[in-house]
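Student: Hey, I've got a model open and I'd like to talk it through. Can you help me find my way around?
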Amino acid sequence: MTASKRIVLSSDHAAIELRQAVAAHIAANGWSVVDIGPTSPESTHYPAHGEAAAQLVASGDCQLGIILCGTGQGIMMAANKVKGIRCGVCSDTFSARMIRQHNDANMLSIGARIVGEGLALDIVDAFLTAQFEGGRHATRVEMIRALEG
């Protein structure tokens, strides 16, 4: 399968159940899910999980990534340190759609302690169905890429 239908999922210990629900949902919608864990509830470090998922997206192995932690903030910050990653944390569908349409985001972060499963699945759907609009937004995305050096 090509990277165009592959999506990586990762989380810390706080978001295992929600990550698994998201994985099942997107697999049912035709995506090949690369779930890189964790699977046990022992405390784990979200920066490592954010970076691991981001590396798979940056390398082209996966087209997109979805990462989760308690708030979605910490794991998102770690993912955004990887060159080529544009990840936004979203707790509503409008923001999830806009980060794809206007910012060409290739990763989505969700806070498992912020949103429930139903809203999380709606956020994921909004993110996955939106397409980058290009145009004036392409100039701005290029400006973001230039900041990476």
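Predicted model: local features only at pLDDT ≥ 70, side-chain atom pairs only at ≥ 80, totals over all residues.

Student: Let's zoom out. How many helices and strands does the protein have?
Tutor: There are six helices and five strands. From the N terminus on, the order is β-α-β-α-β-α-β-α-β-α-α.

Student: What about overall size?
Tutor: The C-alpha trace spans about 45 × 30 × 30 Å along its principal axes.

Student: How much of the protein is buried?
Tutor: Of the 149 residues, 47% count as buried. As for contacts between residues at least 6 apart in sequence, 70% join residues at least 24 apart.

Student: Now the strands. How many residues of S1 are buried?
Tutor: Six of the six residues of strand S1 (residues 6-11) are buried, so S1 is largely enclosed by the rest of the structure. Arg6, Val8 and Ser10 point one way, while Ile7, Leu9 and Ser11 point the other way, and all are buried.

Student: Which strands does S1 pair with?
Tutor: S1 pairs in the parallel sense with strand S2 (residues 32-35), over four bridges. It also pairs in the parallel sense with S3, over five bridges. On the S2 side, Leu9 stands opposite Asp35; in S3, the bridge partner of Val8 is Gly65.

Student: Then what about S5, how many of its residues are buried?
Tutor: Five of the five residues of strand S5 (residues 107-111) are buried, so the rest of the structure largely encloses S5. Met107, Ser109 and Gly111 point one way from S5, and Leu108 and Ile110 the other way.

Student: What are the partners of S5?
Tutor: Strand S3 (residues 64-69) is joined to S5 by five bridges, and they run parallel. Leu68 stands opposite Ile110 there. S4 is joined to S5 by three bridges, again parallel, and Val89 has Ser109 as its bridge partner in S5.

Student: Which helix goes with S4 and S5 in a β-α-β unit?
Tutor: Helix H4 (residues 93-101); S4, H4 and S5 make a right-handed β-α-β unit. Gln101 is found in H4.

Student: Is Gln101 buried or exposed?
Tutor: Gln101 is buried because its relative accessible area is 16%, and buried means under 20%. Not counting residues up to four places away in sequence, Gln101 touches Ala130, Gln131, Phe132, Glu133 and His137.

Student: Switching to Ile85. Where is that one?
Tutor: Ile85 lies in the loop between helix H3 (73-79) and strand S4 (87-89). At 4% relative accessibility, Ile85 counts as buried.

Student: What is in contact with Ile85?
Tutor: Leaving aside neighbours within four places in sequence, Ile85 is in contact with Ala54, Val57, Ala58, Ala79, Asn80, Asn106, Met107 and Glu148. Take Met107: it is 22 residues from Ile85 in sequence, yet 7.1 Å away, C-alpha to C-alpha.

Student: Last topic, rings. How many aromatic pairs are there?
Tutor: The count comes to zero aromatic pairs.

Student: Which charged ends sit over rings, then?
Tutor: The charged end of Lys5 sits over the ring of Trp31, 4.4 Å from its centre. The charged end of Arg100 sits over the ring of Phe127, 5.3 Å from its centre.

Methods: Residues numbered from 1 in each chain as written. Heavy atoms only, no water. Helix = DSSP H or I, 4+ residues; strand = E, 2+ residues; numbered from the N terminus. Buried < 20%, exposed > 50% of the residue type's maximum accessible area, 1.4 Å probe, protein only. Contact = heavy atoms within 4.5 Å. Phe/Tyr/Trp six-rings, centres within 6.5 Å; stacked < 30°, edge-to-face > 60°. Lys NZ or Arg CZ within 6 Å of the ring centre and 35° of its normal. Pairing = 2+ DSSP bridges. Right-handed = clockwise from strand over helix to strand, strands pointing away.
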